[in-house]
Amino acid sequence: AHPVSSGALPREAYGLLAAPHGQLVFGDGELSSRIWRIHGDGTGLAQVVTLPASTSAYDPSLLLGGREVGYLVAPPNSDETLWMAPLDGGAPPRQVWNGLIYAGTNPASPDGTRVFAISRTAHQGGQAVIIRVDGKQPQITPVQGFDRATMGLPWAWTPDGSGIVYVHSVGSTDNLWVFPLGGGSPHALTHFQDLSINHYDFARDGRLAISRGSNNADVVVAT
């Protein structure tokens, strides 16, 4: 392991993704946020797309084997839509779908051909959809039965692409559950007896890493 440094790095980096050929992709968290790429040795820092100063791009994901970067674009006083652009440039960015999408809800499938999202236009309160991005036109498939109110963030795909992982909370205890896309009932992936889940991620070989903690706080009286 080694630090990745560049004098021009943004002050913040979030949503860090490792592309298959050694590049890193991340958002910068600024008010008018941007999507960046950089090589693992600290060279080649560049914005993936160039946007007007008042337009934001965020929530990056790797699509089509890491060759493309998916992201949400939010113009001033408007809602987010899904776009994609080549990681290495060379072709203009393109809008994948003009449906309005909730921020933070667009993880890509392991093979990068599908995006899970919550559409703000398909159904009052938000409709879960699968957006297939590997064809000339996007294919939009509603995910019936997925309840964003009780199936909590962050969401991710199972390593085999057959289901959506979500956080299931009972009191102060969180566990990961799987919503199967092929039908059937959701089922538990973990069986913890305490603590909350702050974040989790799957490695390319399917191993699962989870960050867990407690929101408890103590009141102390100083005398």
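In the predicted model, Ala156 stands opposite Val165 in strand E13. This contact belongs to the pairing of E12 with E13 (residues 163-170), which is antiparallel and spans three bridges. Both strands are part of an open sheet of four strands. Its order is E12-E13-E14-E15, with antiparallel pairing. E12 and E15 (187-188) are the edge strands, each pairing on one side only.

Further along this sheet, E13 and E14 run antiparallel and are joined by eight bridges. Tyr166 stands opposite Trp177 in E14. The hairpin of E13 and E14 has two residues between the strands. Gly171 in this hairpin takes a positive phi near 65°. E14 then connects to E15 through two bridges, again in the antiparallel sense. Here Val178 has His187 of E15 as its bridge partner. Six residues lie between the strands in the hairpin of E14 and E15. Gly183 in that hairpin has a positive phi near 105°. E14 is largely enclosed by the rest of the structure, because seven of its eight residues are buried. In a regular strand, side chains alternate between the two faces of the sheet.

The loop between E15 and E16 holds Gln193. With a relative accessibility of 70%, Gln193 counts as exposed, because the cut-off for that class is over 50%. Gln193 and Asn175 are 18 residues apart along the chain. Their C-alpha atoms are separated by 8.6 Å.

E1 and E2 (residues 23-27) pair in the antiparallel sense over three bridges. Leu17 stands opposite Val25 in E2. The two strands form a hairpin with four residues between them. In the turn, Gly22 has a positive phi of about 95°.

Phe116 is buried, with a relative accessible area of 0%. Phe146 also counts as buried, at 9% relative accessibility. Phe146 forms another edge-to-face pair with Trp155, at 5.4 Å centre to centre and 85° between the planes. Trp155 counts as buried because its relative accessibility is 9%, and the cut-off is under 20%. Ring pairs link Phe116, Phe146, Trp155, Tyr166 and Phe179 into a cluster.

Tyr102 has charged groups over its ring. The charged end of Arg120 sits over this ring, 4.6 Å from its centre. The charged end of Arg148 also sits over the ring of Tyr102, at 4.3 Å from the centre.

Rolling a probe the size of a water molecule over the atoms shows where empty space is left. The largest pocket has a volume of about 1,200 Å³. It is lined by 35 residues, and the closest to its centre are Leu17, Pro107, Ala108, Asp201 and Phe202. The elements that give two or more residues to this lining are E1 (14-18), E5 (56-63), E12 (152-157) and E16 (196-202). By class, the lining of the largest pocket has 19 nonpolar, twelve polar and four charged residues.

E11 gives the most, with three residues. Six residues of the lining of the second largest pocket are nonpolar, three are polar and two are charged.

How values were computed. Residues numbered from 1 in each chain as written. Predicted model: local features only at pLDDT ≥ 70, side-chain atom pairs only at ≥ 80, totals over all residues. Heavy atoms only, no water. 1 Å grid on protein atoms, 1.4 Å probe; cavity = no way out; pocket = protein on both sides within 12 Å on 5 of 7 lines; lining within 4 Å. Points joined across faces, edges and corners; volume = space filled by probe spheres on them. Nonpolar A, V, L, I, M, F, W, Y, C, P; charged D, E, K, R; others polar. Pairing = 2+ DSSP bridges. Buried < 20%, exposed > 50% of the residue type's maximum accessible area, 1.4 Å probe, protein only. Phe/Tyr/Trp six-rings, centres within 6.5 Å; stacked < 30°, edge-to-face > 60°. Lys NZ or Arg CZ within 6 Å of the ring centre and 35° of its normal.
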